[in-house]
Amino acid sequence: MNHPSKNLGFGRMVVILGLLGGPGIAAHAQSKDVTPLSAAQSLKCLVRQEKLPVYPRQLETDRAEGFMRVQLHFSKPDAPPRVEVLVSTAAPEMQERTFRYLEGYRLPCLSASEGPIKAVQEFSFKNTDREPLPVEADRKQEFCIVMPREPIESPRPGIGDRDVEHVVAVASFSGDGQQPPEVTLIHSTASKSFESLVRERLAKYRMPCRSGAEPPQSMHQQFSFSPAGERRYALKRDVFGLAEFLGLTAGVRQLQAEFDFATMSCPFKVDYTIYGPSLPNEVRSDKKDPNRISFLKWLSERQIAFANDKQANELFGQTVQIQVPCGNLNLKPAAAAG
């Protein structure tokens with residue numbers, strides 16, 4: 001396991017640009033006699049850069065992803081729109097590239113009589129071969145997290161500190177869109193100063209779509225700090241077949257298991273996040289199927305066969321995608337198999 005030889009997914013951006021409102025639009029929508037949208041209201045004259053923002057080069061060895069949904073407010077034909085962030089899970093470097101890109105937007109056909117024009121655009125950054133898994137129906141409650149635009153401060157390393165530090169925190173939102181979350185640290189190998197930085201960072205998170213009447217919503221996030229100039233382990237790729245993945249796990253020759261994937265709507269994909277042995281590994285399937293529960297639990301109990309503690313620490317929190325085929329999985333301990 002080492003640094004990846006190539007980086008995939010740069011510049012892949014999902015863009016949805018559509019009119020949300022304008023003078024009289026809501027009233028026209030309720031009538032059969034719809035007045036055609038003007039060039040400005042339909043964004044036909046929108047001017048923007050051809051080159052889309054790409055995945056930040058300084059993050060190329062990370063298998064990170066980022067998403068932003070912004071609302072654009074056009075009020076002048078010769079000025080960039082005001083940008084309102086509706087959702088952002090993007091790293092600060094990704095956010096900066098998005099904001100710089102949006103500064104080049106113009107709507108030259110906008111007239112003073114049309115008033116402000118609003119539009120929504122989404123940006124997705126990814127540096128992974130993993131396919132996004134659908135969100136389960138019971139998890140579709142809107143989760144409009146907005147993370148700060150500025151980067152988190154780097155902790156001051158002590159003398160001799162060369163290990164990667166990790167903090168896993170839970171942020172619980174129970175108020176309205178302006179209330180900071182309640183923060184709980186569930187795992188830490190970091191210094192107290194880094195833990196304080198994480199708490200300060202999470203205190204700036206908001207969920208602007210909340211009114212306060214919704215039930216509490218929680219998220220967990222990992223923060224990792226790697227000392228500058230230190231080489232570290234990283235996954236060369238992050239998609240594996242099931243047999244290939246099991247070959248990476250500890251005690252594979254002694255495993256005993258019997259699963260029939262034909263009963264599990266095969267083939268399917270599973271995201272496996274490496275937290276063991278410090279925390280339970282996390283697995284998520286591409287759909288909720290009661291027939292998969294036993295298999296997913298068994299899969300989460302498999303531990304990567306780390307070469308040493310340093311590798312285990314540096315791969316903590318990384319996610320791989322496992323491709324589960326159709327057929328049967330029958331494993332018997334090596335001694336019994338003979």
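This is a predicted model: local features need pLDDT of at least 70, side-chain atom pairs count only at pLDDT 80 or more; totals for chains, interfaces and linings use all residues.

Start with one side chain: at 52% relative accessibility, does Lys 297 count as buried or exposed?

Author: Lys 297 counts as exposed, because its relative accessibility is 52% and the cut-off for exposed is over 50%. Its side chain has a partner. Lys 297 and Glu 301 meet in a salt bridge, at 2.6 Å from N to O. Glu 301 counts as partly exposed, because its relative accessibility is 39%. An α-helix has 3.6 residues a turn, so residues three or four places apart point the same way.

The aromatic residues come next. Tyr 101 and Phe 123 are edge-to-face, with 6.0 Å between centres and 85° between planes. Tyr 101 sits in helix 2 (residues 92-102) and Phe 123 in strand 4, 22 residues apart. Tyr 101 and Phe 123 are both buried.

The pair at helix 5 is Phe 259 with Phe 295. The ring centres of Phe 259 and Phe 295 lie 5.2 Å apart and the planes meet at 75°, so this pair is edge-to-face. Phe 259 belongs to strand 9 and Phe 295 to helix 5; 36 residues separate them, and the pair links distant parts of the chain. Phe 259 is buried, because its relative accessibility is 10%. Phe 295 is buried as well, because its relative accessible area is 0%. Both values are under the 20% cut-off.

This pair is part of something wider. Ring pairs join Phe 259, Phe 261, Phe 268, Phe 295 and Trp 298 into a cluster.

The side chain of Lys 269 meets that of Glu 131 in a salt bridge, 3.7 Å from N to O. Glu 131 is partly exposed, because its relative accessible area is 44%. Lys 269 counts as partly exposed too, because its relative accessibility is 22%.

How do other salt bridges look? A search of the whole structure finds 12. Arg 69 and Glu 122 form one of them, at 2.8 Å from N to O. This one links strand 2 (residues 65-74), which holds Arg 69, to strand 4 (residues 117-126), which holds Glu 122; they are 53 residues apart. Arg 69 counts as partly exposed, because its relative accessibility is 24%. Glu 122 counts as buried, because its relative accessibility is 14%. Elsewhere, a network of salt bridges links Glu 65, Arg 130 and Asp 238.

Three strands form an open antiparallel sheet in the order 6-5-7. Its edges are strand 6 (182-188) and strand 7 (217-225), each pairing on one side only. Neighbouring strands of this sheet are turned by 25° on average, direction ignored. Strand 5 (residues 165-173) and strand 6 pair over six bridges. Ala 169 stands opposite Leu 185 in strand 6.

Last, the setting. The protein has seven helices and 13 strands. Buried residues make up 39% of its 338 residues. Among contacts with a separation of 6 or more, 80% join residues 24 or more positions apart. The protein exposes about 18500 Å², of which carbon and sulfur atoms supply 51%.

How values were computed:
Residues are numbered from 1 along each chain as its sequence is written. Side-chain values use heavy atoms; hydrogens and water are left out. Two strands pair if DSSP finds at least two bridges between them. Helices (H or I, at least four residues) and strands (E, at least two) are DSSP runs, numbered from the N terminus. Axes are lines fitted to C-alpha atoms, for helices over the stretch in contact, and angles run from 0 to 180 degrees between N-to-C directions. Buried means under 20% relative accessible area, exposed over 50%, partly exposed in between (1.4 Å probe, protein chains only). Contact means heavy atoms within 4.5 Å. Accessible areas come from the Shrake-Rupley method with a 1.4 Å probe; for residues, only the protein chains shown count as cover. A salt bridge is a side-chain nitrogen of Lys or Arg within 4 Å of a carboxyl oxygen of Asp or Glu. Rings of Phe, Tyr and Trp (its six-membered ring) pair if their centres lie within 6.5 Å; planes under 30 degrees apart count as stacked, over 60 as edge-to-face and the rest as tilted.
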